[in-house]
Amino acid sequence: MKEGYSNWRKLDNAALAFPLVTGKNDTRVFRFYCELKENVKPELLQAALEKTMEKYPLFQMVLRKGLFWFYLEHRDIRPIVKEEKKPPCSRLYIPDKKNLLFQVSYYEKRINFEVFHALTDGTGAMHFLQELVSNYLKKAHPEQDLPSLPVTDMSTPGDQEEDSFSQYYSSDMPRDKEKKKPAVKLKGEKLLHSDMHITEIGIPVKEIHAKAKSYGVSITVLLTAMMLCAIHEEVPRSRQNRPVALMIPVNLRNYFPSQSMANFFGWIEVGYTFTDHTVFTEVLQAVKDQFKQELVKEKIAMHMNGYVRLEKNPLVRAVPLEIKKYFLMVGAEIGSRSITAVYSNIGIVRFPEEYQKFIERFGIFASTDSLQMCSCSYGDAMTLGFTSK
């Protein structure tokens, strides 16, 4: 175990229910990948992974079930690179099995990093994959003398596994009393996980940026409005009295200084109740207004404290996990009633320009129980990854 890291850590607040709601058909695994301009050499990728683990040994964890909560425990299990053969986002966490909670695989030109969401979030996964790709390309092309990635932080081992939810929790914060309306739910026969539909769309960043700018909005606002409208087109008139609503994860590191590689995200819910006469610009303006209202530090802090307040409740803490899990599962079910689908924007993946001759693009998509869109961009290539059950 690398000096400075603890032998175990409790699950962060955002991940408390993940082990309970995961299963064969909702694995809570997401894939972040890099497509190179050349085929991957597995022995070099294995060496690059081992080098990456030296920087991020907190990923060397298995999930264990305690008396009161789940927790992560360090295990000396060597992560092994594998050729991709299983369906994307296959199950990584299996109760009572001491498996690592991530997998690195390859297929032709693609390096895949798949991770169980209880271990990290999109930001943590992006940092890990960037380091992995950098280490791989340095080994594959030693003659190029590729630069190291810019040092964006000076985090210590303790910083990387910090529970930022607890650090920024305040019992004095007022409660969020806003009531959420039940949202439209997508109907249809559910597919098995192995049959999950995956659709990827590539968009030039310059084009989507120009389109968003012409409307006076950000790319995220534009794509959110487009997704709301696209879902609305599939909703029968009999159910159009309910809003179409998206859950949009928010990187809390943008509001509260944190170098944690654990989960540190919240979310906002953005929706619209359509009529027969709704036009796109009305939806766009409503989405823009909701982003402006929700993405302020005070409101983000209020939501975050709401998540943590239940965990800190002395009565809840004293209840054994076998009893507590039913309340957590009911809470997760009630919370999902106001959500139709999910849109997660990871943002820009950055590398020094010397890497451009070797990297084609990055992409991300996630397992889902319904419908989810994820997006990221590298250079002028933006990738939208849709998954649907």
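**Close-up views of a predicted model**

**View 1. Arg-9 lies in strand β1, strands being DSSP runs of E with at least two residues, numbered from the N terminus.** This is a predicted model, in which local features need pLDDT of at least 70 and side-chain atom pairs count only at pLDDT 80 or more, whereas totals for chains, interfaces and linings use all residues. Residues are numbered from 1 along each chain as its sequence is written, and side-chain values use heavy atoms, with hydrogens and water left out. Not counting residues up to four places away in sequence, Arg-9 touches Leu-58, Met-61, Tyr-71, Leu-72, Leu-119, Glu-161 and Ala-262, contact meaning heavy atoms within 4.5 Å.

**View 2. Three strands form an open sheet in the order β1-β4-β3, with antiparallel pairing.** Because β1 (8–10) and β3 (61–65) stand at the edges with a single partner strand each, one side of each has no neighbour in the sheet. β1 pairs with β4 (residues 70–74) over three bridges, where pairing requires that DSSP finds at least two bridges between two strands; Lys-10 has Tyr-71 as its bridge partner in β4.

**View 3. Phe-362 belongs to the residues with the most contacts inside the largest nonpolar core, which has 113 residues.** Such a core is a set of buried Ala, Val, Leu, Ile, Met, Phe, Trp, Tyr and Cys residues joined through side-chain atoms within 4.5 Å. Leaving aside neighbours within four places in sequence, the contacts of Phe-362 include Phe-32, Leu-129, Phe-351 and Tyr-378.

Methods
Helices (H or I, at least four residues) and strands (E, at least two) are DSSP runs, numbered from the N terminus. Buried means under 20% relative accessible area, exposed over 50%, partly exposed in between (1.4 Å probe, protein chains only).
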